[in-house]
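The following note sets out some points on the structure shown here.

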Amino acid sequence: MSSAAREKSLVLMRHAKAEEGAGLPDHDRALAPRGRRDAHAAGRWLADQALVPDLVICSTAVRTRQTWEQACSGGVHTEFVEYRRSVYLGSTEQVLETLREDGGDTASVMVVGHNPTMAELTSRLCDGAGSTAAHDALSRGFETAGVAVLDYAGEWADLDAGTCHLRRFHLARG
């Protein structure tokens with residue numbers, strides 16, 4: 001297989017702004033009105049950048065599901081969405097393992113998850129490689145509705161620390 005055939009994109013997105021807990025279990029927290037606007041703007045940005053994932057792996061939490069739904073209303077879409085509790089509960093290593101197992105033959109995967117895992121996973125996978133501007137933006141914080149776009153040349157099963165390049169980092173605001 002040529003290296004061009006192995007080039008992949010990985011998009012890591014932190015859920016948009018959620019409402020305060022107010023007695024709800026953390027898993028059941030919904031998006032705040034600002035979060036709905038920001039997630040919609042993220043979807044519009046992803047569509048404008050032609051960053052359409054073959055597969056979305058989304059946390060099972062209400063706020064991540066709603067983030068993906070609002071992103072779709074902004075214009076991004078995919079045929080395949082998998083909801084994984086491992087993205088909600090998991091450590092960086094568990095989310096990485098989910099990517100390795102679920103990525104299959106897809107050329108692009110998006111994960112909609114939580115912090116600090118999304119920030120830690122981005123840093124671990126890129127280890128400083130990629131766009132200086134993107135790393136500078138990321139260094140200011142992986143805020144809600146933040147989107148990291150990584151390039152990867154390999155099989156998903158081999159995804160590991162230092163194997164990606166950070167291409168873009170975007171904070172979506174609606």
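1. Glutamate 143 has a relative accessible area of 37% and is therefore classed as partly exposed. The model under discussion is a predicted one. The partner of glutamate 143 in a salt bridge is arginine 173, with 3.0 Å between the closest N and O atoms. Glutamate 143 belongs to the loop between α7 (132-139) and β5, whereas arginine 173 belongs to the segment after β6, so the pair ties together parts that are 30 residues apart in sequence. Arginine 173 is likewise partly exposed, at a relative accessible area of 36%.

2. How many salt bridges does the count come to? The count comes to 13 salt bridges. One of them joins arginine 84 to aspartate 102, whose closest N and O atoms are 2.9 Å apart. Since arginine 84 is in strand β3 (residues 80-84) and aspartate 102 in helix α5 (residues 92-102), this pair ties together parts that are 18 residues apart in sequence. Is aspartate 102 buried or exposed? With a relative accessible area of 17%, aspartate 102 is buried, the cut-off being under 20%. Arginine 84 counts as partly exposed, at 29% relative accessibility.

3. A further salt bridge is formed between the side chains of arginine 100 and aspartate 160, at 3.4 Å from N to O. Arginine 100 lies in helix α5 and aspartate 160 in the loop between β5 (146-153) and β6 (164-171), so parts that are 60 residues apart in sequence are tied together by the pair. Arginine 100 is buried, with a relative accessible area of 17%, while aspartate 160 is partly exposed at 33% relative accessibility.

4. Which residues do salt bridges with shared partners join into one network? The network consists of Glu93, Glu97, Arg100, Arg124 and Asp160.

5. Helix α2 (residues 33-48) has 16 residues and, at 1.5 Å a residue, should span 22 Å; the end C-alpha atoms are 23 Å apart, which agrees. After α2 comes alanine 50, with a positive phi near 60°.

6. The buried residues of α2 are Gly35, Asp38, Ala39, Ala41, Ala42, Gly43, Trp45 and Leu46. What covers these buried residues? The covering elements include the strands β1 (7-14), β4 (108-113), β5 and β6, together with helix α3 (62-74).

Definitions and conventions:
Residues are numbered from 1 along each chain as its sequence is written. This is a predicted model: local features need pLDDT of at least 70, side-chain atom pairs count only at pLDDT 80 or more; totals for chains, interfaces and linings use all residues. Side-chain values use heavy atoms; hydrogens and water are left out. A salt bridge is a side-chain nitrogen of Lys or Arg within 4 Å of a carboxyl oxygen of Asp or Glu. Helices (H or I, at least four residues) and strands (E, at least two) are DSSP runs, numbered from the N terminus. Buried means under 20% relative accessible area, exposed over 50%, partly exposed in between (1.4 Å probe, protein chains only). The expected span of a helix is 1.5 Å times one less than its number of residues. Contact means heavy atoms within 4.5 Å.
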